[in-house]
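I opened this one up to see how the chain is put together and which residues sit against which.

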Amino acid sequence: MWANYIVQPEEDGRMGVVGAGPHGGLAGLAGVKGVGRATRRTPRMSDSQEGKIKLAFFVAIVGVTLTVLGVGTEFWVELATPKTWSNNQTCQTAHYGLWKGCTRTLWVDDIDPERESCGPADLPGESNCTYFKFFTNGDNAVIFKKTTHKNLNIAAAILAMIALSMMVMGAICITMSLSKGVPFFLKPASFCFILSGLLVLLSILVFHQSVLALLSSDHSIPLHHELSWSVACVGFAGAILIMGGILFLILSLPYSPWEKCLPKRNSSTT
């Protein structure tokens with residue numbers, strides 16, 4: 001006897017065949033279950049979405065590079081004495097970052113005549129650089145008779161290191177998303193990059209408070225201070241990382257957030 005067959009529509013619009021006979025029913029149900037498992041697989045990203053993710057990843061990599069450059073250099077702040085403080089042909093300036101500080105002796109003739117303080121620190125002169133002992137002996141550093149507050153300096157360094165670790169985690173998530181071809185890891189990557197950008201900006205604020213605490217520790221030597229280019233790199237990096245995280249968050253959505261704001265076109269039927 002020929003088995004009867006029933007054509008049933010499936011979820012994805014295709015037609016499935018279910019046998020009505022004693023053996024065809026079980027075989028048909030097994031086939032439908034197999035198709036159901038296939039249709040429930042994680043959707044893979046399209047080529048256009050993959051290209052957008054790579055572009056956003058490039059933006060995040062720029063932020064990571066600027067962060068590494070800023071954290072690894074010692075030009076976060078420059079401290080300068082007045083040019084005429086020592087009453088000779090030289091003057092002193094200092095600059096330091098999260099890990100190391102340097103003092104430089106500059107020639108007054110090389111300094112801009114309109115500048116009242118010694119510097120800038122990139123002028124040629126004798127330099128003496130030492131690493132801070134915050135993380136080894138726990139000793140504070142003394143710069144121009146002013147003492148640092150190691151707790152603030154250590155906090156700024158820890159925030160920067162946590163931010164770098166979050167960047168690494170975000171990069172791993174994006175690499176896995178691109179290798180697997182699924183957008184599942186975009187939201188964790190977005191969280192990592194946004195949090196790292198906020199931590200980087202918070203590190204700058206804590207470091208600035210440490211500079212103010214250093215200046216208020218002693219008033220015997222007047223000093224002029226200004227944040228240098230390393231802080232500028234880290235500040236731009238924080239903004240870029242937050243922007244990259246927002247881009248990953250937008251790309252992880254099943255629809256573009258601005259699509260709902262666009263008016264729907266009425267399709268005319270003939």
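**Entry 1: overall fold.** I'm working from a predicted model, so no experiment stands behind these coordinates. I counted up the secondary structure of the chain and got five helices and nine strands. Reading from the N terminus, I wrote the order down as β-β-α-α-β-β-β-β-β-β-α-α-β-α. Of the 270 residues in the chain, 39% are buried. I also checked contacts with a separation of 6 or more, and 65% of them join residues 24 or more positions apart.

**Entry 2: record check.** Residues 191–215 come out as 100% helix and 0% strand, with the end C-alpha atoms 37 Å apart. Residues 55–77 are 78% helix and 4% strand, and there the end C-alpha atoms are 33 Å apart.

**Entry 3: the core.** Which residues touch the most other members of the largest nonpolar core? I noted Leu 79, Tyr 96, Leu 98, Ile 174, Phe 193, Phe 207 and Phe 248, out of 47 residues in that core. Two or more core residues come from each of helices H2 (47–72), H3 (150–180), H4 (186–215) and H5 (229–252), and also from strands S3 (77–80) and S4 (90–96). H4 gives the largest share, with 12 residues.

I clicked on Tyr 96 to list its contacts, skipping residues up to four places away in sequence. The list includes Trp 76, Val 77, Leu 79, Phe 132, Ile 143, Phe 207, Val 211 and Leu 214. I also found a second, separate core of six residues, among them Ala 80, Ile 111, Cys 118 and Leu 123.

Entry 4: I picked the second largest pocket, which has a volume of about 220 Å³. It is lined by 17 residues, and Thr 130, Phe 132, Ala 141, Val 142 and Ile 143 are the closest to its centre. The elements giving two or more residues to the lining are S4 and strands S5 (100–107), S6 (125–131) and S7 (142–143). By class, I get nine nonpolar, six polar and two charged residues in that lining.

Entry 5: Is Ser 190 buried or exposed? Its relative accessible area is 2%, under the 20% cut-off, so I put Ser 190 down as buried. Ser 190 lies in helix H4, and beyond its neighbours within four places in sequence it is in contact with Gly 245, Phe 248 and Leu 249.

Val 206 has its place in helix H4 too. At a relative accessible area of 15%, Val 206 also counts as buried. Its contacts, again leaving aside neighbours within four places, are Leu 152, Ala 155, Ala 156 and Leu 159.

**Entry 6: a loop residue.** Where does Asp 218 lie? I found Asp 218 in the loop between H4 and strand S9 (224–227). Not counting residues up to four places away, Asp 218 touches Lys 145 and Lys 146. Asp 218 and Lys 146 are 72 residues apart along the chain, yet their C-alpha atoms are separated by 5.3 Å.

Technical notes. Residues are numbered from 1 along each chain as its sequence is written. This is a predicted model: local features need pLDDT of at least 70, side-chain atom pairs count only at pLDDT 80 or more; totals for chains, interfaces and linings use all residues. Side-chain values use heavy atoms; hydrogens and water are left out. A nonpolar core is a set of buried Ala, Val, Leu, Ile, Met, Phe, Trp, Tyr and Cys residues joined through side-chain atoms within 4.5 Å. Buried means under 20% relative accessible area, exposed over 50%, partly exposed in between (1.4 Å probe, protein chains only). Contact means heavy atoms within 4.5 Å. On a 1 Å grid over the protein atoms alone, a cavity is a set of points where a 1.4 Å probe fits but cannot get out, and a pocket is an open set with protein on both sides within 12 Å along at least five of seven lines; lining residues have an atom within 4 Å of a point. Grid points are joined across faces, edges and corners, and a volume is the space filled by probe spheres set on the points. Ala, Val, Leu, Ile, Met, Phe, Trp, Tyr, Cys and Pro count as nonpolar, Asp, Glu, Lys and Arg as charged, and the others, Gly among them, as polar.
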